[in-house]
Amino acid sequence: MSLLTLPSNREEGWRWSDLSALPQLSEREPTGRVPTDLPWIACEREGPRLLFVDGRLDETRSRLGPVEIGPVDVTASDHPLARLAGRSGWRLRLGLDHAPHGLVQIVHVSTGAADHLAAQIELDVDAQASICETFIGEGWANRLTGIRLFKGSRLMLSRRLLGASGFISQVDHAQVGQGASLVVASLAAGGTDTRLDGHYALDGEAAYAEASSALLARGRQRHDANVVVRHAMPSGVSRQVWRSVADDRAACSVAARVEVARHAQKTDGEQSLKGLLLARSATINAKPELEIFADDVKCAHGATVGELDRNALFYLGSRGVSPDEARALLTRAFVADALDRIGEEEVKAAFYADVETWFAGR
Amino acid sequence: MLKIDNLHATVDDKPILKGISLAINAGEIHAVMGPNGSGKSTLSYVLAGRPGYAVTEGSVTLDGEDLLELDPHERAAKGMFLGFQYPVEIPGVSNVQFLRTALNAQRRARGEAELSAGEFLRVAREQADALDLSMDMMKRGVNVGFSGGEKKRNEMVQMGIIDPRLAILDETDSGLDIDALRVVGQGINRIMRKPDKAVLLITHYERLLEIVEPDFVHVLAGGRIVRSGGPELAHELEREGYGAMAEAAA
């Protein structure tokens, strides 16, 4: 596809990216083969379910509820991947004080080629929703999600990036209004490379935004994230908890920035970027950034990269735990910081099961 | 049960153990005493298989089997338990999760059935109660936020749950006040003072030995056992110190 213009590593925001597989994936034809077993999460309160195969809704296996399909109103922006996502997809708009019945589940299956899809989430005053997106298959799934949260609304957005091979790119553009709360939690635990972009703007007073992710990589996999949380109004609170685990020759890279505008006093922003190397040949890049123009703020950031604690490994071994099991136990504990932010027990359990599956694949 | 023969070991190429021989039979409690730097902790780490401790000569067998060939978790599955002088903190892994994983790993290795969550919690509660540790603490991260004394009591709770045949206890009494010392000492007696079990108790001081009465006392100095005797040897050391004995051996 000659129209595919991709950024180069010379651009700061893409310095750790490897997009070299994308042109080839874009030229492939999808097989259309969908596995019979789809990774729906069993919930006590079943909510809407959407199945997208290569970016198209499979109506027979979907139950839309309040979700609509059609054109979406999202800023395409100048983001090179977001531009490709187009202006149609799924849309969840909830009116005043509304909530969907149960968890909204969206499964994206890619069957070997590139698929692009946009989404729009708009929650009116005091509305709330919890959405879980799961990506599986092989190919390139490219997504753009526009999020607008009005006063007092609450959105929990969890994403399981479980594709077997290929690439998953996700761009979020969010505006969080007064007293509204946005929590985005992601887990990359498949075989694909990923690129996560997030721009979360706290546009109302006392807004809350959180981005928590666990990125697990092995082989020659690359996970790459670039997130900006912008405090535009006073008394906002933001949390970023990133946990990267890299084995073999894999690489995880996280660039996370907190921006505090001049009048965003009483901002409370925290960033924690931690990396765990399971092999000396693996790579972790962490780039925490703070840009503060207000003077009465509380911002903390920390970035660490290390290996599993040898003393802890020996301690576990001395109690009878095998080296593999000990590594798994400690690595699970390492990513728990990010995954424990997920509110719903059923979703959290699914995320932990995905982590177990990742370990079982060692 | 445990037979140590002419054991030499180095740490970072520096010889620390210089020919230790010791036989511990079932039903016996052996105390190893000695001044700082005499090799007491090295002995416990070598027996438990800590990486970085290299055996250069000699042999160690457990029930006739070469212990030095086994990884730490395999030694544990054979019934060996190391009580740490400085128990390790593991944030994010709860005591309960850690011990259930450990116990079931050992049971699997021995071909025994795993304990269910309910069965395990019953055993854990029993042992925690006996050592005055609340179940709330057992649900916290391993040793995270525990005081020195609580960490040592936690070692004993672990020993009670795992129920080993051979315990090597490295300065389990250090950092304990008098009441905690009694609780820990009684714990050792309750869990390990049995005809089919044995203990190697490493300590600086005699006071633990007043609660856990050893059958044999050995004095370690300069990487060698310089004297062995009955419980009266501990009293002699308490009176006269290590100085004379270590010098005599040098």
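**The contact between the chains**

A: In this predicted model, the contact draws 15 residues from chain A and 22 residues from chain B. On the side of chain A that touches chain B, helix 2 (310-318) and helix 3 of chain A each supply at least two residues, and the largest share, 6 residues, comes from helix 2 of chain A. Sorted by class, that side of chain A holds 8 nonpolar, 5 polar and 2 charged residues.

Two packed helices are described by the angle between their axes and the distance between the axes. Helix 3 (residues 323-339) of chain A and helix 4 (residues 345-360) of chain A pack at an angle of about 145 degrees, and their axes are 11 Å apart; the crossing in which helix 3 of chain A passes helix 4 of chain A is right-handed. From helix 3 of chain A, the contact is made by A:Ala328, A:Arg332, A:Val335 and A:Leu339, while helix 4 of chain A brings A:Lys348, A:Phe351, A:Tyr352, A:Val355 and A:Phe359. By class, this contact between helix 3 and helix 4 of chain A has 7 nonpolar and 2 charged residues, with no polar ones.

As for confidence, the predictor assigns the complex an ipTM of 0.95 and a pTM of 0.87, and chain B averages a pLDDT of 92, with 98% of the residues scoring at least 70. Where pLDDT is low, the predicted coordinates should not be read in detail.

How values were computed: Residues numbered from 1 in each chain as written. Chains lettered and ligands numbered in written order. Predicted model: local features only at pLDDT ≥ 70, side-chain atom pairs only at ≥ 80, totals over all residues. Axes fitted to C-alpha atoms, helices over the stretch in contact; angles between N-to-C directions. Helix = DSSP H or I, 4+ residues; strand = E, 2+ residues; numbered from the N terminus. Left-handed = near helix turned anticlockwise from the far one by under 90°. Contact = placed C-beta atoms within 7 Å. Nonpolar A, V, L, I, M, F, W, Y, C, P; charged D, E, K, R; others polar. pLDDT = per-residue confidence, 0-100.
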